[in-house]
Amino acid sequence: MTESFTIAPVIDVAQERHEARADEREVVFDIHDLTVSYGPLTAISGVDLQIYRNVITAIIGPSGCGKSTFIRCLNRMNDLVPGTRIEGQILYQGSDLYASGVDPVDVRRRIGMVFQRANPFPKSIYDNVAWGPRVLGMRKDLDDRVEKALRSAALWDEVKDRLKKNALSLSGGQQQRLCIARAIAVEPEVLLLDEPASALDPIATSAIEDLMHRLKREYTLVIVTHNMQQAARVADLTAFFSLEVDEERRSGVLVEYDATSKIFTNPSDKRTEDYVTGRFG
Amino acid sequence: MSRDRRRRIMNRAMEVLATVAALVAVAVLAIVVLSVARRGAGAVSWDFFTKPQALFGQPGGGIANALVGTALLVLLATAIALPVGVLTAIYLTEFAPRRLAVPIQVMIDVLAGLPTIVIGIFVYALLVVGHTQSGYAGAFALAVIMLPLIARATQEVLLLVPATLREASLALGVRRWRTVVGVILPTSVGGILTGTVLAVARAAGETAPLLFTSSIFANTVQTDVTKALPNIPVLIFTYSEQPDPALHQQAWAAALVLMAFVLLASLFAKALLARSRRKLAR
């Protein structure tokens, strides 16, 4: 392993929920010295971080600190942006995500993603969920699979009588839960959520947050949010990113990574404290 | 005269000038439509659509064989140009790296601007010299004209498909081609059809390439594409060269039919486009 400095989170066993017990803390993503740049601009630099199974990890920080860039590296969505350069290493279950033989399509198949703006396909509710499994060859018991995904996304009761209706007829919050159902219908191992509730009203937001707590039993979740209260409510661990300006070069850096309660009540770094107490950002 | 007043008058004058120019453009269309209708409407009858051309010197006859021929030529041309055009557009918007997309784009625009007589001569040299005139040579020439139109129109609608839909599909671990077939094409099929209808309307009236490739006179209904197919544009051209005033009237009538088809196709395309736009709107 590298000798780079890793900020090890301290999880207070008594305080955290049972899923996060120390003996179960299996590392899913092991990130070393990650630097991402778009052309001449560096988005994040030198990030070291570990993400654990069945834990909700929140990424918080001010605008432009590279939160989205970071999370999009985890399922190689950044490959789709021309000119992206990635240095450092991301190990996913022990193997290098960016090794030459790795097929990004296969990575995305195993690591699902939900986006900031709900983006259902202009198809029926049923087809939105069924399309992924169908294309990926999981055609057996498709109806059951769709129902299970919609139930997991806490949407089934609201849509079971109108599965053939166009998904665009749903409300914003329902659309976002449909996107979550679509993502889990293909049974990913990890779910990445890039500001999933930023365009939703408080009621829809709380529905998504409840959902995350339930999904944690089966999935490893990483959520990017600019809403600190949301991170405090849902996350077990929180990573605080900030923007570092140094000799005209601006880039996002990881400032502090720890148990959520520690980040919000007793942060070790002055910058984290300033941010969570609302002094900037 | 104050400067302000002068500006106001200038503004008013230019507004009037622009309005007049727009009215002139509309008037030109109206005059064309009216004069073609006035000269040709008299010859339009049931027989005109159902009977083939009369032999030289004999009265009566219709344009049935030319209608069938034009329909076949355009159908065949569409069958060639539609898949190639759509795939070209898919390549340019979904797959091509920028350094390839830009030059290919330029070349397609050049192809769209190529004079149709040049395309006619090219296809003549390629498929007619050493063989005979044929329906497929004519259809190929028309396809060359349609290809850039379809590719351009398709590209425009593909670019309207929100990037978030592509991301949604790719994030499921679906390959790009399946994303294109399953998400992008179904979303843009209306716009692609619109572009195709407009290309068909354009190709149906093209004369120059058909003079080289499919202009041998025949007075029966032909469906064999290995032989020259009678068609509307060439019929209009040859009849207008004849001394017989009855044939002149038939030429005008055929022109009327062609024009009506183009106008209806354009309206249909507009309706299609409006419908597909609504489907994409959130």
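From the N terminus on, the elements of chain B run α-α-α-α-α-α-α-α-α-α-α, and the chain has eleven helices and zero strands. Chain A, by contrast, has ten helices and ten strands, where helices (H or I, at least four residues) and strands (E, at least two) are DSSP runs numbered from the N terminus. This is a predicted model, in which local features need pLDDT of at least 70 and side-chain atom pairs count only at pLDDT 80 or more, while totals for chains, interfaces and linings use all residues. Residues are numbered from 1 along each chain as its sequence is written, and chains are lettered from A and ligands numbered from 1 in the order in which they are written.

**Overall dimensions**
- The C-alpha atoms of chain A fill a box of roughly 55 × 40 × 40 Å along the principal axes, and those of chain B fill one of roughly 70 × 70 × 35 Å, taken in that way too.
- Chain A has a radius of gyration of 19 Å, which agrees with the value near 19 Å that a compact globule of 281 residues would have; the radius is taken over C-alpha atoms, and the globule rule is 2.2 Å times the number of residues to the power 0.38.

**Strand pairing in chain A**
- Strand 1 (residues 27-38) runs antiparallel to strand 2 (residues 41-52) of chain A, and eight bridges join them; two strands pair if DSSP finds at least two bridges between them.
- Within this pairing, A:Asp30 stands opposite A:Gln50 of strand 2, and A:Tyr38 has A:Leu41 of strand 2 as its bridge partner.
- The hairpin of strand 1 and strand 2 of chain A has two residues between the strands, and A:Gly39 takes a positive phi near 60° there.
- Strand 1 of chain A is also joined by eight bridges to strand 4 (residues 84-92), again in an antiparallel arrangement, and here A:His32 is the bridge partner of A:Gln89.

- Helix 3 (residues 64-95) of chain B has 32 residues and reaches 45 Å from its first C-alpha to its last, close to the 46 Å expected at 1.5 Å a residue, the expected span being 1.5 Å times one less than the number of residues.
- This helix has a kink of about 25° at B:Ala81, shortly before the proline B:Pro83, the bend being the angle between axes fitted to the seven residues ending at a residue and the seven starting there.
- Chain B is divided into domain 1 (3-43) and domain 2 (46-280), with bounds that come from an automatic or database domain assignment, and 31 Å separate the centres of the two domains, taken over C-alpha atoms.
- Eight residues of domain 1 are in contact with eight residues of domain 2 of chain B, where contact means that C-beta atoms, placed from the backbone, lie within 7 Å.

**Contact between chains A and B**
- The contact takes 22 residues from chain A and 18 residues from chain B.
- On the side of chain A that touches chain B, helix 2 (104-110), strand 6 (111-114) and helix 3 (125-135) each supply at least two residues, and helix 2 gives the most, with four residues.

How values were computed
Two residues are in contact if their C-beta atoms, placed from the backbone, lie within 7 Å.
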